[in-house]
Amino acid sequence: MPEKRSKTALADWLRKRMPEREELARNKYLAPIAHRFLSPELWRFTRRSVPRGVALGLFCAFIIPIGQIFLAAFMALPARANVPLAAAVTFVTNPFTFPAWVVAANRVGEMMLNIEQVMGSHAGEQLAHDRGALAVFFEMAGVTAFGFVVLAVVGAALGYLLAGFAWRFIVARKRARRLAVMEQRLDERLGNSEA
């Protein structure tokens, strides 16, 4: 039996690496929600489920540092997003890239909250000296957490838009290729029938 192929190479690549529905159905932890979680519509790559899956995956990747794969998979249920894609996109934040994302979130949080401009750089240094290192740490943690929230919301929105555009581009390109092949076959048939 030939291997099942879908509309995109990404979908084929993900299908090979993600667990199949039957494997998940046998999982004892998923048994209470298996009937809902294993619905075929949540596992298909469609023009609506793919952007939703990307957006959910990016949101969950930035919003919590641990367990984002499970959060993305469970949030995909009510959103009717693609479950494997939502889980796979969460790997944007992994142990290797997480330190860079922390720095980026801190910078985004500082930029959005404008702490230095509101307080002035000298006033901030004086407050840091007065409050102590622990207070400064908690302030920086709050700024970083706010930056992660901003990254989650903006990343999810951009991911949704980019996935939608990419899906349309890929499908249009495949459709044009198919039409070209059909035209070529038709020309060959017409050429053979005239000869």
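1. Basis. Residues are numbered from 1 along each chain as its sequence is written. In this predicted model, local features need pLDDT of at least 70 and side-chain atom pairs pLDDT 80 or more, while totals for chains, interfaces and linings use all residues, and side-chain values use heavy atoms, without hydrogens or water.

2. Aromatic pairs. Two are found in a search of the whole structure. Rings of Phe, Tyr and Trp (its six-membered ring) pair if their centres lie within 6.5 Å; planes under 30 degrees apart count as stacked, over 60 as edge-to-face and the rest as tilted.

3. Phe62 and Trp101. The ring centres are 4.7 Å apart and the planes meet at 75°, so this pair is edge-to-face. Phe62 belongs to helix 4 (residues 49-63) and Trp101 to helix 7 (residues 98-113), 39 residues apart; helices are DSSP runs (H or I, at least four residues) numbered from the N terminus. Phe62 is buried at 6% relative accessible area, whereas Trp101 is partly exposed at 25%. Buried means under 20%, exposed over 50% and partly exposed in between (1.4 Å probe, protein chains only).

4. Phe98 and Phe148. With centres 5.9 Å apart and planes at 5°, these rings are stacked. Phe98 lies in helix 7 and Phe148 in helix 10 (residues 133-194), so the pair ties together parts 50 residues apart in sequence. Phe98 is partly exposed at 29%; Phe148 is buried at 12%.

5. Helix 5. Its 12 residues (68-79) reach 16 Å from first to last C-alpha, close to the expected 16 Å, which is 1.5 Å times one less than the number of residues. Its buried residues are Gln68, Ala72, Ala73, Ala76 and Leu77. Arg80, which follows helix 5, has a positive phi near 55°.

Methods: Helices (H or I, at least four residues) and strands (E, at least two) are DSSP runs, numbered from the N terminus.
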